[in-house]
Amino acid sequence: MKLKSICTALALASMFSAAGAQAQEVVRLGNLKFAHYGAVSYIKEIAPKCGIKVDEHVFPKGLDVMQAIIAGELDVGTTASEAAISGRAGGAPIFVVAGFAKGGAQLVSRSDLKLKAVKDLKGKKVGVTRGGIQEVLLLAELQQAGLTVSDQPGKDVQLVFLAYADLNQALLGKQIDAMMQSEPQSSQAINKGFGSEMIKPYDTPIGEPIRTMVMTEKFYKEKRPLAEKFMNCFVQATKLFIENKSVAEKYVREVVFKGQISKDDFDDAIGNSPYSYDITSEHIQITTDVMVKTGVGKMSKPPVAKDWVKTDLLDAAKKSLGVK
């Protein structure tokens, strides 16, 4: 009898444990390590209050997030708009559902060169990460200035493709003359004295690029209640980071970057890439058109923005939380 009672108790405990695990459903999130991606990262900290668990995976660049989505490894991903657009063009089954930050790029030269305008880059080597929104912005700026460009010698400007993490070191080591870099690395280069700001590249048709949150079509359509909870959690985290800068700074500096960036780096980075919620199909369409014009992504069939920008989940979450 005693053994039977123990078995019954274990079976009940197992059943309740399974029920509890089922109640807290898991969302698989792909994210990047930048200051302006911090509010998205913070979602996992408040997820239990939203009735969910967020399993965050950090990737080196947005195109890696897209590959993980195509492989079926993620439900939600965050990236710059160009990776989302390239991903959709390449068959990634995604919808753009929110915009979590604006800006986030600077054209920075070596501080000893005194370069001021884009036209001053003639004859120079410029570092950039291949396939990033920074490449789109750089090529758009060079086109506007009438400069030719190639990753081989012979054109007005020679591109040097490097990972985000390697651009600052290349500028410091004088292997490149300038770089189109993300935040907080661009602000770090300026604050440490080896870089000088040339421009914030927001005078192209794109304006300030908006970072995109995407969901898989399957997650959006088939796990609607879970998608709603996640979006509600995103709006809560973003609202907190916008309204309480000290919480945002502490989390990004101590948790995301583990003390590797200073207060000035954080302040300057978020000053140039503020947290936000919104995105429009018009912005995604303009970005797509500029990508086609500059040749970034080399899309055989560029996606039409109105077919895959879906902000209804965001609108409902903002309304329920009183966010305008």
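Of the contacts in the chain with a separation of 6 or more, 78% are between residues 24 or more positions apart. The model is a predicted one, and its chain comprises 13 helices and 11 strands. The radius of gyration is 22 Å, close to the 20 Å that the globule rule gives for 324 residues, so the chain is as compact as a globular protein of that length. Along the principal axes, the C-alpha atoms fill a box of roughly 85 × 45 × 40 Å. Of the 324 residues, 51% are buried.

Helix H13 spans residues 312–320, and its buried residues are Leu313, Leu314, Ala317 and Lys318. These four residues cover an arc of only 130° around the axis and are therefore placed on the same side of H13. In general, an α-helix has 3.6 residues a turn, so residues three or four places apart point the same way. On the other side of H13, the exposed residues are Lys319 and Ser320. The packing partners of the buried residues of H13 are two strands and two helices, namely S4 (94–102), S11 (210–216), H8 (217–222) and H9 (224–243). Just after H13, a positive phi of about 70° is found at Gly322.

Several backbone features fall in loops. The peptide bond between Glu183 and Pro184 is cis, with omega of about 5°. Pro184 is located in the loop between strand S9 (178–182) and helix H7 (185–191). Positive phi values also occur in residues other than glycine. Lys114 has a phi near 60° and is placed in the loop that runs between strand S5 (105–110) and strand S6 (125–128). The relative accessible area of Lys114 is 61%, and this residue is therefore classed as exposed, the threshold being over 50%. Lys174, likewise not a glycine, has a positive phi of about 60°; its position is in the loop between helix H6 (164–172) and S9.

Phe161 belongs to strand S8, which covers residues 157–161. Its relative accessibility is 23%, so Phe161 counts as partly exposed. Leaving aside residues up to four places away in sequence, Phe161 is in contact with Val128, Thr129, Arg130, Glu135 and Asp151. The C-alpha atoms of Phe161 and Gly131 are separated by 9.4 Å in space, while the two residues are 30 residues apart in sequence.

The largest pocket has a volume of about 500 Å³. Its lining consists of 24 residues, and those nearest the centre are Tyr164, Ala165, Gln181, Gln185 and Gln188. Strand S2 (52–59), H6 and H7 each contribute at least two residues to this lining. The greatest contribution to the lining of the largest pocket comes from H6, with 5 residues. By residue class, the lining of the largest pocket comprises 13 nonpolar, 7 polar and 4 charged residues.

For the second largest pocket, the volume is about 290 Å³. The lining of this pocket is formed by 16 residues, with Arg130, Glu135, Gly295, Val296 and Lys298 nearest its centre. Two or more residues of the lining come from each of helix H5 (133–144), strand S7 (149–150) and S8. The lining of the second largest pocket is made up of 6 nonpolar, 6 polar and 4 charged residues. Arg130 and Glu135, named here among the residues nearest the centre, are also among the residues that Phe161 touches.

The structure contains 1 cavity of 30 Å³ or more, and the volume of the largest cavity is about 100 Å³. Its lining holds 18 residues, of which Leu32, Gly62, Glu82, Gly132 and Tyr164 are nearest the centre.

Technical notes. Residues are numbered from 1 along each chain as its sequence is written. This is a predicted model: local features need pLDDT of at least 70, side-chain atom pairs count only at pLDDT 80 or more; totals for chains, interfaces and linings use all residues. Side-chain values use heavy atoms; hydrogens and water are left out. On a 1 Å grid over the protein atoms alone, a cavity is a set of points where a 1.4 Å probe fits but cannot get out, and a pocket is an open set with protein on both sides within 12 Å along at least five of seven lines; lining residues have an atom within 4 Å of a point. Grid points are joined across faces, edges and corners, and a volume is the space filled by probe spheres set on the points. Buried means under 20% relative accessible area, exposed over 50%, partly exposed in between (1.4 Å probe, protein chains only). The arc is that of the directions from the helix axis to the C-beta atoms. Contact means heavy atoms within 4.5 Å. The radius of gyration is taken over C-alpha atoms; the globule rule is 2.2 Å times the number of residues to the power 0.38. Ala, Val, Leu, Ile, Met, Phe, Trp, Tyr, Cys and Pro count as nonpolar, Asp, Glu, Lys and Arg as charged, and the others, Gly among them, as polar.
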